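Q: Here is a model to go through. Please set each label against its definition.

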Amino acid sequence: MAQVKICGLREPEHVTAALDAGARYLGFNFFPKSPRAVSGAQAAELADMVPAGIARVGLFVNPEDALLESVLAEVPLDMIQLHGGETPERVTEIKARFGLPVMKAVGIATQEDLPQLIDYGTVADMLLVDAKAPKDAVLPGGNGLAFDWRLLVGRRWLKPWLLAGGLTPANVAEAIRLTKAPGVDVSSGVETAPGQKDSGLIRDFIAAAKEAP
Ligand SMILES: O=C(O)c1ccccc1NCC(=O)[C@H](O)[C@H](O)COP(=O)(O)O
């Protein structure tokens with residue numbers, strides 16, 4: 001059964017909806033330009049609601065050590081998600097310095113992007129196989145855009161991975177069927193407007209992912 005990550009949570013009611021429906025990963029966004037960004041205090045309150053066994057993932061974009069230090073002093077995270085242009089060397093450095101597993105996001109648009117999944121698979125603990133953001137996008141992720149899932153057919157990576165990018169309750173089962181993704185990640189697809197999560201859409205998404213063949 002596919003595991004689900006709900007990303008960009010900001011409200012307790014949506015954390016409850018995600019937990020009750022069976023999410024395995026909950027994402028808290030620390031990228032200031034995002035409509036889903038949370039403060040350390042907000043994230044600490046949400047993180048306290050999460051039982052053992054469910055991963056609290058902090059999302060960062062090209063973070064400096066000082067940001068990671070200040071967030072980790074306040075929020076009990078289980079995993080760091082790196083969603084910028086962090087190099088494999090920087091991934092290794094962050095893992096060693098902060099002692100947490102790292103999920104590295106890789107943007108995919110064409111098959112030329114796929115070798116990065118091999119490179120990052122040697123250093124990251126998990127891979128997030130996401131749609132590549134458009135060149136002029138403000139956000140490197142969370143844009144509600146899908147890529148051609150057929151690029152992933154028959155591929156295997158060195159590390160556990162989640163599929164992301166434009167997934168919704170309506171298309172997630174087909175995405176899993178086609179790619180055989182062991183897990184999926186969503187942000188926009190469970191929102192009514194950027195940053196506005198919806199409990200019903202969260203439940204529908206997780207149910208559809210879990211029912212996927
Ligand atoms: O969601 C954001 O606002 C965001 C901002 C900056 C970097 C990454 C961001 N999101 C990363 C995620 O993990 C999203 O869930 C993933 O890109 C899929 O997004 P969507 O296509 O909106 O479901």
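Q: Why is Val71 called buried?
A: Val71 has 22 C-beta neighbours inside 10 Å. A residue is buried if 20 or more other C-beta atoms, placed from the backbone, lie within 10 Å of its own, exposed if 12 or fewer, and partly exposed in between. Val71 therefore counts as buried. This is a predicted model, in which local features need pLDDT of at least 70, side-chain atom pairs count only at pLDDT 80 or more, and totals for chains, interfaces and linings use all residues. Residues are numbered from 1 along each chain as its sequence is written.

Q: Which residues does Val71 touch, not counting those up to four places away in sequence?
A: Phe30, Gly40 and Gly58; contact requires C-beta atoms, placed from the backbone, within 7 Å. Val71 lies in helix α3, residues 65-74, where a helix is a DSSP run of H or I with at least four residues and a strand a run of E with at least two, numbered from the N terminus.

Q: What makes the buried residues of α6 line one face of the helix?
A: In α6 (residues 172-179) the buried residues are Val172, Ala175 and Ile176. Down the axis of α6 they fall within an arc of 95°, so they line one face; the arc is that of the directions from the helix axis to the C-beta atoms. Their cover includes β7 (161-163), β8 and α7 (199-211).

Q: Which residues around the ligand are closest?
A: Cys7, Gly141, Gly142, Ser187 and Ser188, in a surround of 27 residues, each with its C-beta atom, placed from the backbone, within 6 Å of the molecule.

How values were computed. Contact = placed C-beta atoms within 7 Å.
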